[in-house]
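Take a walk through this model, strand by strand and then into its cores. Keep the 3D view open as you read.

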Amino acid sequence: MKTVIKRLGFFFAVVLFPVLAWSQELQTGTVHDPQGTPIAGATIKVKGTSQATLTDETGTYRLRLNAGDVLVYSFVGYKAREVTFNNKADLNVRLEQDSQLLDDVVVVGYGSQKKQEVTGSVATVEMEQLTEVQAAESFESMLQGRVAGVNIQLNSGEPGATPTIIIRGLAAVSRDDASAVSEPLYVVDGVPIISRSSDEFAITSTNVLADLNPSDIEEVVVLKDASAAAIYGSRAANGVILITTRKGKRGKPQIDFNVRNGVNMVPQLRDVAGGVKEREQVLRLYELYAPYGVSAPGMYTDVTNPFYSNSSDWQGYLYDTSLTQDYNGSIRGAGDFGQYSVSLGYMDNEGILFNTGFKRYSAMTNTSFNALNGRLVINNTLALSRTDQSRTPDALSSNFSSLLPLPNSPLVKGADVYGIGYNANVNDRIRFSPDITLKIWNDLTYKVSLSLEYTRSMQDLYSESRRTLRATNSSGVGENANLLFQNTLTYAPKFGDDHSISLLVGQSAEKIESKITKVNSVAAAPTLSHSVNWSGNNSIGSSDYTASTLLSYFSRLDYAYKQKYLFGASLRADGSSKFGQANRWGIFPAVSAGWNFSDEALFAGSDWLESGKLRGSYGVSGTTWDNNYLALGVMDGGSLDQYSSLLEISYGGISGFTPTWYDGFKNEDLTWVKSQMANIGMDLSLFNGKVGFIVDAYEKLTKGLLLTTALPTTSGYNEVYRNAADVLNRGLEFTINTSVGRQSGLRWDMGLNFAYNQNRVVALPDGNADIIKTSTSGQDFGSIVRVGTPLNGFFFYESQGIYQTEQEIPVNPNTGKRLVSLQNKKLAVGDRNFKDQNGDYIIDVQDRIYAGDPNPEWTGGWTNDFTYKNFSLSVISAFMIGRDVVNSDVLGRLNLGKEFAGSGALPNFDNYAIWEKSGDVATYPTLNPWNDASQIINYDSEYIEDGSYFKIKTATLSYRLDKKLLGRIPIDKARVYCTVDNIATFSRYSGPDAELMTVGGFDNSSGYPMRRMVLFGISFGL
Amino acid sequence: MKRRQLIVCLAVLVVITGSCRNWLDELPLNTVTEDQAWQNGSDAEGAVAIAFAIFRRALAGLTKDDTPATTRNGAWGDHFFWGDARSGDWITPNNDGDWQASFENRLIQRTELEPLTNWRLFYRTIEQCNLALEELPAITENFSEERKTQLLAEARFLRAMAHFYAARVWGDIPINLTARNVEPLGREPLDAVMRMVVEEAATAAEGLPWQYEGPRKTVMSRGTKGAALVLKAHAHMWLEEYEDASAVLQQVIDSKVFRLVTVDEFRALFDTGDSDETIFHLYYDESKGEYSDYYGHIMTYYLSNPYTPRTNLTLAVPRQRILQIYPDYARDRSDKRVAAFFESVDFSVSGTELRPIHADPLQNGEREIMFAKFRKPKDLSYSRMDAPVPVFRYADVLLLKAEADARLNRIPEALANLNAVRQRAGLGTYDRIDQPLVIEEVLEERRRELIGEYYRVYDLVRLGRLHEFNPDISERDERIGAGFVPVSREAFANNPNMTQTEYWQFNQ
């Protein structure tokens, strides 16, 4: 019986199908995007039937159709289109991009919002556009000059160095001389990540974020104002950077490769007096200033010794052109089952200085599975990465005397005498974050996410001194672990077309642990070993552990009426283990409102105004500090002294705890650093989106920055931490985007952004008394925090030139004693003439005056993209205006001590106006190395310079190979390009590079200039 | 259905919240917080012991680890600078500029001398004692009442001791008797400080035993009744309350806990402190890991080869001065102390070998006699320097009582104690009965007996007689405080009530 039915079925199939098919004709059509590029994978359905098909790679599809059939064309990212089939022409369709879907959703804290409904100050950067035209180790460096008010400085030329990012002005201060940076919070796919290690727990100095491969990032969103950031509560005061990684897209699997190779070229290096010039300079200094009986070392006087008759170009020897390689590959796709994305990356950026470089290995997989008809989405992200930074063991030094022979000289052949050793810095990160989203019913979504993140950094250092033959060997491991558990519930009901409302409630619990283990040994004889030998007296090991937890409840409400009147509010409560019971919880509220005025009737029919929005917000967010146990009053069990003796630890064999005299005692009053920020802004889009204009004005008051104030010595304590300084940052931000030309012809896209910021300390405790910071460098004096001046402001001695005659040195009429200069220096002709501000005839800390502001007034960027047919050229510039800096690099090199001869290279004195004899018009006072106290100091108002610069950072010329050119090669798209990085800098700064500066305005180049890079690359997709 | 799902979700949230109650309690693993630090008896033991350790470092001198205001890498042995350097008896044979400056009372000009003007570690000792006195009473776990009384008394003793020592160095000093006191304290008159020391030492003595179980060296490195009483007596001496001083010292003598050891037993007394003569010293012991190396011990500067690698002497008493201080030795070589305190090294032997010591302690030239009262093993290294830092010993008690009695015109009593010390040194009895002569002789005997033990300058300053022995200090200078050490600049930070000693205001 069964066979009969089967056969009948076969019969009907064979006989009847052609009959049915006859009434419908097989038709062929194509689907293109507005630029005329074929769309592969677009769905075409015949309305009212189950007939459907997909387009192939050339955008072609085939369907059997009857006249009058209605075809529905759809593709992700494009507006669906219905076409009634009447004749063949109807079958070739162009789909319009759906801006509502693609561009207009912005990722915000714990969710996303329609761009039109956003009320906070939020900036989005599409990373793919950046990675095409820029090459950098880390995504943050690529953001430089892209977002108004986000000041990014690549302040070291060393591969793997950490750029500084300051959003809307500096709001951090350190207790000592070092300049603190107000770090934003980094959130990857909804999970806050470890972005740095606190100083005590940092093993390597490698940029922690450099292990995120920029090619894996879809977009970066910067939450600048409080209404956007406050939902991240206690860590959001310095802004939040949301990173969304790339996911698979519907259509056929996308396989992409990007390969680039290039060279790093050595820019201009330090000026060095070589050979005879160095000899002359040294002998001249001895002739002029050496005390009786002191004569120059033999290497300068013994001209017959071939070992010292060199003119070695150490920089030329140690700096060399190097290679950069960058390879990225990925496969991504999506369907009804979910999506997948797998990517691999390898970057090797050799440094221009011998022994330096940076490598990154990264792997990331992201998969989502849809279940229960799409009501349940399970998402897994696993990211693995390693960065490997090599450094020179002796702190990047290339500063050897030019009289010494180079290692490749026959004189020293075979003896590797300089800078033996290695300094390997390896950072590993593993991050696994699964999350589950359940649509409980239409409007209600529940999401639970868990994230485990582990970073490990290792440093192995071995260095050998050629002078003493002592070897230092150290090894350290730092580990961070981050556990996060997060639950959110989103309710977004629809009440008709006029109202849209969205309510979010959530909870998160987070634990961050850090551990460090270090061992080191100093061996009298070289031991060429990677392992640290635990040898008797001179090896000391240490380990430390710290942990903090955070428990948070948060909620946000967004309401829009007719998409015209917008309102948002958020509230977060954070509890932190860092505080005493009383101050444990902090509340961080924010409110915002927006008005899409372009939707008002007034502007109806206006052809120039596409959209316009006014925004306003106010909110409170916070920050804490690194020391997890500060408020609890950590006790100190003492440590071994320099001879490994227990003198500080025990007495008569009994050990005990004392307070840590530097951090004060248990302080339940310590509380959150809270930042109150008000923001008003306007977004305008004109002439069909050809011109975009964004302006924001903000005022950010950061209250209670943690600082130590000195306690009277009679208390026993050195200092106590307090929520001491209030800092106000005020600023304006402007962004202008224009797009000129047609898609097919010449097109010019321009983006210009610039931001003004003013930084002021507005309140200090004890009646606004100055806080003089602890100096870690001993002889120098710590900087001052003073009301009315900016953070890191220069408090310098006021230079009045140089004493040219004895008579110029002031004499106290009451005592007959001469003015005493710094460090009780007896002044002489040729010394710096500092102004004795308080008239006590002693130059000391009291005579410092406010002399300059290292915080930039204006920062910004300017990008230009030109496209003509398949060619495109992109030029990226960044600038900074109105900043005071000090060329401490040259000051350090001119600051000569008694042992200066032979210890290093000297600058060519001819290039500097140095005082030698009465009447010299000089910038620099006498270089007498035998002076009681050096006359060359950083804190001298004479040396303050304008640190403004304009930099053409990167230019990329690329050519897109189209299908015709590729012919039969099974490649969908391909692109060849050339990128030049660090093209030109325009500045008045006398030092190597006005960008290589610490946050505090001192030169940070330390002999490692920023390389110039030329890269050639090809990227293609299958 | 939907409602049930919502309820489940809310229930999950509630459960999560509930389980997070202890989530926010994070405590350090490798140290303790203040709340954890005062739990039981062993915490209390540690807290008081560590206060003595701070005081030990205070006497050695602070370093840049203690305060960033100084640049000194390691301690120099500041107790010598304060107690002996300016007595006029010392020279620096290798012409060390810093030591020479300190002999000449030039204590402000040189950066390297700045740390010895800084009293920070004294007040750190005081604060640690204040914390112990505040926290200990509440501790009950594994802490007997008897032990609690003792430890509280020890903290009280050490607090008074630190004030006393600082007052001898700086003169008028701030008094801090409360924990966590961050008020800017001004300087109190020296008399008020000594008055406080008298009262506090008396209170402490009540709670302290004469002796604890254990070796002498350990026992006498802590607060005992003897140490507290001697402290009280010293304070009485500063207050010129000789009757009280004499009475208190008599108590110490009557206790029979201490005795004058023989000259042959001096090595134990000075090199280890394990001696019946020790009353209070600061503990060092290489075997317990509590030792000094190059920095941190005055022996670095006293000793040379064969004890240390040093080939010359940094600190010494010139030969003529030795003969002047010890006239009996100059006359007939009778004073055994010269051979016990001084050595002549055979400098003709190479510095890389252990140089022999001449049989005659004064064989060498004027500037070549090594002060060898405190010694370490002969090994040409700076390591294992663990001689204790003496504060009080029995000979000091006898001579102090002799001075008090002499001033009270009780000459026989004075002579009895004076002669006990003289007798040990192998000298004949002193039998003059003229009061000023006896007082003078007692002072000279103190100089002979206690040389290099940080008494001499304090004796002279107490009596206002430093100018007689130090040619760089005039009588007028001494009247306005030249005998005291200047107050460091750091003490003025955040303290409007701080004042500089009058002399040092004008002698920067």
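**Strands, then cores**

Strand S35 (residues 673–686) of chain A runs antiparallel to strand S36 (residues 691–710) of chain A, and 13 bridges join them. Strands here are DSSP E runs of at least two residues, helices are H or I runs of at least four, and both are numbered from the N terminus. Two strands pair if DSSP finds at least two bridges between them. The model is predicted: local features need pLDDT of at least 70, side-chain atom pairs count only at pLDDT 80 or more, and totals for chains, interfaces and linings use all residues. Residues are numbered from 1 along each chain as its sequence is written, while chains are lettered from A and ligands numbered from 1 in the order written.

A:Asn679 has A:Tyr698 in S36(A) as its bridge partner. S35(A) and S36(A) form a hairpin with four residues between them. In that turn, A:Phe687 has a positive phi of about 50 degrees. On S36(A) goes, pairing antiparallel with strand S37 (residues 719–741) of chain A over 18 bridges. There A:Tyr721 in S37(A) stands opposite A:Thr708.

Now the cores. A nonpolar core is a set of buried Ala, Val, Leu, Ile, Met, Phe, Trp, Tyr and Cys residues joined through C-beta atoms within 7 Å. Buried means that 20 or more other C-beta atoms lie within 10 Å of a residue's own, with C-beta atoms placed from the backbone. The largest core has 250 residues; A:Leu705, B:Ala51, B:Phe157, B:Ala201 and B:Leu231 touch the most other members. Helix H6 (residues 145–170) of chain B gives the most to this core, with 15 residues. A second, separate core of 32 residues includes A:Trp915 and A:Tyr989.

Notes
Buried ≥ 20, exposed ≤ 12 C-beta atoms within 10 Å, placed from the backbone.
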